[in-house]
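This report looks at salt bridges in one protein model. The sequence and structure come first.

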Amino acid sequence: MTSLPGKPKLIDAFGRVHTSLRLSVTDRCNIRCFYCMPSENIEFLPKPEVLTFEELARVVRVFARMGISKIRLTGGEPLVRRDVAVLVAALRTIETIDEIAMTTNAMLLADKATELRRAGLDRLNISLDTLDQKQFQEITRRDGLQATLDGIAAAKAAGFDDIRLNAVAVKGMIESQIVPLVGFAIDNQLTLRFIEFMPLNSTGRWHENDVLTGSKIREIVEEHFGELTPVPREDISQPATDFLIANGSTQIGFISSVSEPFCASCNRLRITADGKIRNCLFSHAEWDLRGPLREGAGDEQLESIILDSVAAKKKAHGIGDEQFRKPVRAMYQIGG
């Protein structure tokens, strides 16, 4: 049996329909953010273990026939993957894919923004935790703040009109940067979202007390910029709770994965760079697609594996439960 294009089949045991796919194109990165990966002695995937662009495109075509309509390219840092615009162009030919986005640190974006836009990339999520050079180096263990800012400017010049900044909210670190980041978003007409610090690093540095909650950040924002106006959700599955700042045009959002989980409306699946399906960011189970792909599996066999992964999806990520265990893989190995 062949799936009809766009026919939703990715429905789990709790009635959640999955329409969004995070596609990691590499586990490599040009910075070393402490909340994502170790500072040194990292064993990246050997090149033969990473899915080729052809394999990635085929996987997306199968997912698209099952109802996936949004793709986000992640890593690692997706822009360290050579010629990633070629992949964007290939995905753009899949008729039922409505949106292709990318999460990036933007350090390599200045030279690639125009090419990516022409290839068909719709949207950018750019990681920017601080505007302070010293703190940037503390977080990323690299020097590169100006390259990131240059990348943002280049993306605007290339015609990207939907650019979202992502700041990870770590207590004791981000507080001093909340107001400057909001000011930067206002000045540059960008959307800004604060993401609660999650247990996805490989160093063991995470405790619930390290989480600066979305509600606390909102208090700080409102103290300086006035009361925020809630923005109605266009998509019930979006992870952020969005608000308009007092100037009426800048949108601020809070992704409160820890303090206010949104698992009940989750519509996302993930493919790691080495071709494993993860049905939750915090899952301990994975379903292999790379092996069957390279052994000549037909689309029906791939669909069966995908359906198995969706059927096994749990009700919630379980952060805060006594039995919760953080994933074995760190964020850079999973894909954002």
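The model is predicted, so local features need pLDDT of at least 70 and side-chain atom pairs count only at pLDDT 80 or more, while totals for chains, interfaces and linings use all residues. Residues are numbered from 1 along each chain as its sequence is written, and side-chain values use heavy atoms, with hydrogens and water left out.

A search of the whole structure finds 18 salt bridges, a salt bridge being a side-chain nitrogen of Lys or Arg within 4 Å of a carboxyl oxygen of Asp or Glu. Among them are these:

| Salt bridge | N to O distance |
|---|---|
| Glu 303 and Lys 9 | 3.2 Å |
| Arg 65 and Asp 299 | 2.3 Å |
| Asp 274 and Arg 329 | 3.3 Å |

Glu 303, in helix α9 (residues 299-311), and Lys 9, in the segment before β1 (20-24), are 294 residues apart. Helices (H or I, at least four residues) and strands (E, at least two) are DSSP runs, numbered from the N terminus. Glu 303 is buried at 6% relative accessibility, whereas Lys 9 is partly exposed at 22%. Buried means under 20% relative accessible area, exposed over 50%, and partly exposed in between (1.4 Å probe, protein chains only).

Asp 299 is partly exposed, at 30%.

Asp 274 sits in the loop between β10 (268-271) and β11 (276-278), and Arg 329 in the loop between α9 and α10 (331-334). Salt bridges that share partners join Asp 274, Lys 276, Arg 278, Glu 286, Asp 288 and Arg 329 into one network. Asp 274 is buried at 7%, and Arg 329 is buried at 17%.
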